[in-house]
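Take a look at the model below. We will go through it step by step, starting with one side chain and its partner.

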Number of protein chains: 2
Amino acid sequence: MELLVVGSIALDTIETPFSRVDETPGGSALYISISASYFTRSIGLVGVVGDDFPEDVISELQSRGVNLKGLQIIPNGKTFRWAGKYHYDMNTRETIYTQLNVFADFNPVIPDEFKSSEIVCLGNIDPVLQMRVLDQVYNPKLVIADTMNFWIERKYDELLETLKRVNVLIVNDAEARQIAREPNLIKAGKKILNLGPEIVIIKKGEHGAVLMIDSIIFSAPAYPIEAIQDPTGAGDTFAGGFAGWLAKTKDFSEKNLRRAVIYGSAIASFCVEDFGINRIKNLSWNEIQNRFFAFKELTKFEVD
Amino acid sequence: MELLVVGSIALDTIETPFSRVDETPGGSALYISISASYFTRSIGLVGVVGDDFPEDVISELQSRGVNLKGLQIIPNGKTFRWAGKYHYDMNTRETIYTQLNVFADFNPVIPDEFKSSEIVCLGNIDPVLQMRVLDQVYNPKLVIADTMNFWIERKYDELLETLKRVNVLIVNDAEARQIAREPNLIKAGKKILNLGPEIVIIKKGEHGAVLMIDSIIFSAPAYPIEAIQDPTGAGDTFAGGFAGWLAKTKDFSEKNLRRAVIYGSAIASFCVEDFGINRIKNLSWNEIQNRFFAFKELTKFEVD
């Protein structure tokens, strides 16, 4: 397997000032897998759903070459549900409810054929579970992980243990500040680089993303979107594009990591154009490539 | 004159969580002039101070080739004073007091030898005064203007009139949203492009700046600064570097406007490294050039 993805799979109810969807498929593992599937068809997914999870989404994943041997479907179980509401500026949201359901007892079991995966992408789950995944895999070339304020606040020590085994941490700006306990974002990133990861990516929503490797900093803008429909999953979509590009190219050089950030940003920019996975499941390679080039136009300037 | 600068000159009292300075020279016209003086020695300044304004700052400006024929020094007058306090994250500040003093009756009188200036840079003053400046000058090649929430709220109609005569509007993100009455920044920028200016630059502080020309968007990051001492004047320093580069090169092509944004960003990144004008008055051309190249490193990625 080129890429192992472990994370949540959910049914999301999302409200924005302009529209609303009920129980649309989501969760970090779903966004990551779909996004990465544009770069590699060698993806193993590990997650859990109830038997209420829509079969067409399962077929969709399979048709993308996502191996679902690691997907636990709990009979008579209810899939994890989340409901959130975005405010007018689309940058802030509040959680209306979280129903963990079958996700409450999630214990990631990595199928044998996934254990030699080259890249492991750990979506935002309990750092204890992230470690349990790493205990089962055989020496991956790259471990990518995400986390969130919930775990930073409740399982800080466990998170620090996990970070020692992570190569690339992908977090948003608030999470970076919270992990490092440092308000300056650049200082926060550097502090995290001392906690284990060799690479930190700080996502800043509409302000783009910053890649930090040692003292090297790469700053990528967000693609300017005039009509953001739904920001849900954009961060996971970014991680999926980033991981997928690296899985495809097997090149972890600084030069290629910069490119991976742009591919992640490109697919994430599509994600927000529609609700849930609606937009990212219907992309053409041409659209992705054109948006990659659009990032070049967006950032280019000549010295002379 | 290559560049005419009109704006405020002040004595600023600035408090940050780490330090404090009392009555340090500031104001938009001062920051713009000093920043632009690295690119051109043909600058005319129009502003007003009291006779309490430090003479060494006046000498400093003169030594930089800033022509002070348009500087009114009011006998027995007190210079405009502003006091502000930055919060821990350095992104938000509150005004402690504003004492307009001689600035309350400021009536910009453009000396004859300034009237044929090629570029006019209007710092953040009453839009009525900005128009009065434009009434006095002879067909400048480029008019650059700034404004702020105070005028947007109190003199919206007058501001709209001014905008019809402005080529480049430089504002921050909150101001852009407020002028356009539109929360989405890209939409807001496009709306402003319909109000008169051919070019809009939206400053986003630590998130950089966005240049918009018709449907072309250029996104520049901010230079990552770990130890921000004082953000005061960074926006004006940006405008000064931008205007100065254009005055030096006399090339208003899209390609050169992108470069001008990076030069503005480069000098602004120095500004925040120390209080007031302390850092920007002591730059070498080499430092500016190296930071320009650092922006290239910060943003570069290769397609293949």
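Start with Arg64(B). This residue is buried, and its relative accessible area is 9%. The model is predicted, so read each value as computed from it. Where does the side chain of Arg64(B) find a partner? Arg64(B) forms a salt bridge with Glu60(B), and their closest N and O atoms are 2.8 Å apart. Glu60(B) is partly exposed, with a relative accessible area of 23%. Side chains of opposite charge can pair when their charged atoms come close.

Move on to another pair in chain B. Asp126(B) and Lys155(B) meet through their side chains in a salt bridge, 2.8 Å from N to O. Asp126(B) sits in the loop between strand E8 (119–122) and helix H3 (127–136) of chain B. Lys155(B) sits in the loop between helix H4 (149–154) and helix H5 (156–163) of chain B. The pair therefore ties together parts that are 29 residues apart in sequence. Which of the two is buried? Asp126(B) is buried at 12% relative accessible area, while Lys155(B) counts as partly exposed at 23%.

Now find Asp52(B) and Arg81(B). Their side chains form a salt bridge too, 2.9 Å from N to O. This pair links distant parts of the chain, 29 residues apart. Asp52(B) lies in the loop between strand E4 (43–50) and helix H2 (55–63) of chain B, and Arg81(B) lies in strand E6 (residues 80–86) of chain B. Asp52(B) is partly exposed, with a relative accessible area of 28%. Arg81(B) counts as buried at 8% relative accessibility.

How many salt bridges does the structure hold over all chains? The count is 44. Some residues join in a network: Glu2(A), Glu118(A), Lys141(A) and Lys250(A) are linked by salt bridges.

Ser253(B) is in the loop between helix H8 (234–249) and H9 of chain B. Is Ser253(B) buried or partly exposed? At 30% relative accessibility, Ser253(B) counts as partly exposed. Its side chain makes a polar contact of 2.8 Å with the side chain of Asp251(B).

Turn to the cysteines. How many disulfides are there over all chains? The count comes to 0. Cys121(B) is in no disulfide, and the nearest cysteine sulfur, in Cys271(B), is 15 Å away. Seen from the other end, the sulfur of Cys271(B) has its closest cysteine sulfur in Cys121(B), and 15 Å is too far for a bond. The cut-off here is 2.5 Å between sulfur atoms. Cys121(B) is buried, with a relative accessible area of 1%. Cys271(B) is buried as well, at 0%.

In helix H1 (residues 28–36) of chain A, 9 of the 9 residues are buried, so the helix is largely enclosed by the rest of the structure. Among them are Leu30(A), Tyr31(A) and Ile34(A).

A rotation of 180 degrees, with 0.0 Å of shift along its axis, superposes chain B on chain A with an RMSD of 0.0 Å. The two copies are thus related as by a two-fold rotation axis. In chain B, the C-alpha nearest the axis belongs to His207(B), at 3.1 Å.

How do the copies meet? 100% of the interface residues of chain B are also interface residues in chain A, so the copies meet through the same surface. The contact takes 33 residues from chain B and 33 residues from chain A. The two chains bury about 3500 Å² between them, 56% of it on carbon and sulfur atoms.

Charges pair across this contact as well. The interface of chain B and chain A has 6 salt bridges. One of them joins Glu302(A) to Lys255(B), with the closest N and O atoms 3.2 Å apart. Between the chains, 20 residue pairs are in polar contact. Elements that give two or more residues to the side of chain B that touches chain A include helix H9 (254–271) and helix H10 (285–299) of chain B. H10(B) gives the most, with 7 residues.

Technical notes
Residues are numbered from 1 along each chain as its sequence is written. Chains are lettered from A and ligands numbered from 1 in the order in which they are written. This is a predicted model: local features need pLDDT of at least 70, side-chain atom pairs count only at pLDDT 80 or more; totals for chains, interfaces and linings use all residues. Side-chain values use heavy atoms; hydrogens and water are left out. Copies are superposed by least squares on the C-alpha atoms of residues with pLDDT of at least 70 in both. Contact means heavy atoms within 4.5 Å. Buried means under 20% relative accessible area, exposed over 50%, partly exposed in between (1.4 Å probe, protein chains only). Buried area is the accessible area (1.4 Å probe) that two parts lose on being put together, summed over both. A salt bridge is a side-chain nitrogen of Lys or Arg within 4 Å of a carboxyl oxygen of Asp or Glu. A polar contact is a pair of N or O atoms within 3.5 Å; within protein, one must be able to donate a hydrogen and the other to accept it, and residues adjacent in sequence count only if both atoms are side-chain atoms. Helices (H or I, at least four residues) and strands (E, at least two) are DSSP runs, numbered from the N terminus.
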